[in-house]
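Hi everyone, thanks for making time for this. Please have the sequence and the model open, and follow along as I point to a few places.

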Amino acid sequence: MISLEEVRSRLELAGQSHLLRFWPELSADERDSFLGELSQLEPEELREHCRAAAEAGSRDSGAVGLLDQRMEPMSAEFIGSVSRSDQETLKQWLDKGFRQISQNKVAVLLLAGGQGTRLGVPYPKGMYNVGLPSGKTLYQVQAERIHRAEQLAAEKCGSSKCTIPWYIMTSEFTLEPTEKFFKENLYFKLDQSNVVMFEQRMIPAVSFDGKAILENKAKVAMAPDGNGGLYRALVDGKILEDMERRGVQYIHVYCVDNILVKMADPFFIGFCVSKGADCGAKVVEKAYPTEPVGVVCRVDGAHQVVEYSEISLETAEKRNADGSLVFNAGNICNHFFTLSFLKSVAEKFEPKLKQHVALKKVPYVDEEGNLVKPDKPNGIKMEKFVFDVFQFSKNFVAFEVSRADEFSPLKNADPAAKDTPATARRALLAQHYHWALGAGASFLDGENRKLPEKPSLSENEEPPAVCEISPLVSCFGEGLGVLMRGREIHSPFILDEKKAEEIRKSQ
Ligand SMILES: CC(=O)N[C@H]1[C@@H](OP(=O)(O)OP(=O)(O)OC[C@H]2O[C@@H](n3ccc(=O)[nH]c3=O)[C@H](O)[C@@H]2O)O[C@H](CO)[C@@H](O)[C@@H]1O
């Protein structure tokens with residue numbers, strides 16, 4: 001173990017000696033763990049990090065709108081669209097996507113290191129149950145979609161079995177509870193060896209005068225390095241080697257909180273592969289100018305996402321002659337990468353990734369040793385963003401999908417108006433209700449009265465019947481005709497594997 005003297009001189013070098021201010025008061029155990037923590041901080045890196053944070057913090061108010069003058073919308077030739085493509089083209093993409101999956105070339109990678117501060121639960125967001133009739137959590141829904149996508153790809157392409165490895169990036173906050181949750185749930189029947197968890201780095205939060213903040217007398221306030229920490233984490237965890245060993249060539253990266261996420265979406269994979277893309281992003285039409293989604297666009301001619309926190313209101317509100325938003329391509333945090341692109345990022349581009357600055361209220365210990373919960377921002381957190389690698393792509397494409405089918409994020413706790421457990425639950429149940437109607441079912445209430453059929457629902461409207469379909473039965477709305485055509489179904493209805501089997505037997 002590194003000595004106190006050594007740590008002291010390393011901190012001096014980094015200009016951070018104040019971190020040992022309470023050393024004489026610490027117990028033996030506290031000293032051990034604190035020394036362990038401090039020894040992880042490289043003096044040069046720490047000094048540079050604190051300097052850069054203080055500098056960035058001092059000009060943060062200028063970050064909004066900084067890129068506005070250099071932004072242009074993406075040109076149509078780089079955008080594929082589900083709604084504007086003909087059936088034949090869609091089928092070609094689908095077939096191509098399934099073929100890649102069936103050849104074990106596709107992996108999914110979940111970004112799950114965030115703290116989910118806005119939702120305000122003390123556990124990882126993936127463990128959240130939005131109140132579906134089945135009680136499934138986001139992790140379970142995602143795991144079951146992987147299962148089904150593997151099964152479909154194998155069936156369609158005549159292979160005996162195929163595997164979509166699931167890489168899960170966690171952080172110090174989420175690794176332990178996520179691992180425990182997966183173990184307790186027996187990896188949701190996935191093969192444990194195909195679920196690979198790895199950890200992103202943590203970096204100190206810094207005060208406005210460039211000092212790392214003490215969270216308590218024996219702990220530095222640390223935060224994950226943003227979802228763009230992915231690229232260092234891939235190297236730290238030797239994940240690129242793992243992908244290589246498995247023969248993975250295409251990676252579908254997604255964020256944890258979108259209940260409608262299509263895992264390893266064969267359309268998206270097929271589209272990106274057909275276009276020879278090294279990097280791609282799914283987008284939806286922005287719902288309103290201030291919607292908290294980044295916009296995919298070009299900055300100085302290179303593709304990029306300008307985050308919602310960094311675009312000015314004036315630019316976000318700009319409209320075309322037909323009334324549509326100029327910056328309309330909303331990022332839903334679903335990205336496509338080839339393995340070779342990820343390798344080139346790891347080898348060459350990662351150090352060039354921009355640091356984004358967030359001013360936060362960071363609880364700290366004051367000079368007298370009192371714990372303080374600040375009521376205004378007192379600290380700077382630096383984050384890298386996963387999409388900041390787009391500018392290094394040689395062939396970037398965007399893929400426009402339908403919001404109702406693919407995007408309902410869980411960001412806020414329930415009394416909020418948008419992106420809550422209630423809106424996520426409603427979005428999923430509306431989708432399944434429409435799948436059932438489309439497959440030819442009709443619904444009855446408890447007294448056998450026919451419920452109204454609503455092929456379209458307004459934004460906050462509950463579907464007239466409750467219908468939840470297990471992803472193990474259908475994950476893209478496929479194969480439901482045979483189970484539902486002409487059937488009168490009592491609401492609420494859960495179509496799980498057992499029920500599907502009963503229906504098949506009764507036919
Ligand atoms: C930087 C980024 O991607 N922003 C996107 C993100 O915004 P948003 O601000 O909603 O991003 P979040 O903070 O929710 O993070 C997105 C994902 O990254 C993960 N995470 C976050 C921080 C971290 O250090 N480690 C980590 O793994 C989270 O667990 C989550 O799965 O989703 C929106 C769609 O819902 C997009 O429109 C935004 O452009």
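Let's begin with helix α1, residues 4-14, and helix α3, residues 43-58: their axes come within 8 Å and cross at roughly 35 degrees. The crossing of α1 and α3 is right-handed. On the α1 side the contact is made by R10, L11, L13 and A14, and on the α3 side by P43, L46 and R47. If you sort the residues of this contact by class, you get five nonpolar, two charged and no polar. One thing to keep in mind throughout: this is a predicted model.

Now, a second pair of helices. Please find α4, residues 87-102, and α9, residues 266-274. How closely do the axes of α4 and α9 approach, and at what angle do they cross? They come within 7 Å and cross at roughly 95 degrees. An angle from 65 to 115 degrees counts as roughly perpendicular, and therefore α4 and α9 are roughly perpendicular to each other. From α4, the residues in contact are L90, W93, L94, K96, G97, F98, Q100 and I101. From α9, they are P266, F267, I269, G270, F271, V273 and S274. By class, that contact of α4 with α9 has 10 nonpolar, four polar and one charged residues.

V397 sits in strand β20, residues 396-400. Is V397 buried or exposed? Its relative accessibility is 4%, and buried means under 20%, so V397 counts as buried.

Next, T420. You'll find T420 in the loop between α12, residues 403-406, and α13, residues 421-438. T420 has a relative accessibility of 1%, so it counts as buried. With residues up to four places away in sequence not counted, T420 touches P409, L410, N412, A413 and D414.

Let me finish with some backbone details. Where is N104? N104 lies in the loop between α4 and β3, the strand at 106-111. N104 is not a glycine, although it has a positive phi of about 60 degrees. At 28% relative accessibility, N104 counts as partly exposed.

D300 also has a positive phi, near 50 degrees, in a residue other than glycine. You can find D300 in the loop between β13, residues 295-299, and β14, residues 302-306. Why do we call D300 exposed? Exposed means over 50% relative accessible area, and D300 is exposed because its value is 55%.

Last one! What kind of peptide bond joins S491 and P492? It is a cis peptide bond, with omega about 0 degrees.

Conventions
Residues are numbered from 1 along each chain as its sequence is written. This is a predicted model: local features need pLDDT of at least 70, side-chain atom pairs count only at pLDDT 80 or more; totals for chains, interfaces and linings use all residues. Side-chain values use heavy atoms; hydrogens and water are left out. Helices (H or I, at least four residues) and strands (E, at least two) are DSSP runs, numbered from the N terminus. Buried means under 20% relative accessible area, exposed over 50%, partly exposed in between (1.4 Å probe, protein chains only). Contact means heavy atoms within 4.5 Å. Axes are lines fitted to C-alpha atoms, for helices over the stretch in contact, and angles run from 0 to 180 degrees between N-to-C directions. A crossing is left-handed if the near helix is turned anticlockwise from the far one by less than a right angle, and right-handed if clockwise. Ala, Val, Leu, Ile, Met, Phe, Trp, Tyr, Cys and Pro count as nonpolar, Asp, Glu, Lys and Arg as charged, and the others, Gly among them, as polar. Angles under 35 degrees count as roughly parallel, over 145 as roughly antiparallel, 65 to 115 as roughly perpendicular and the rest as oblique.
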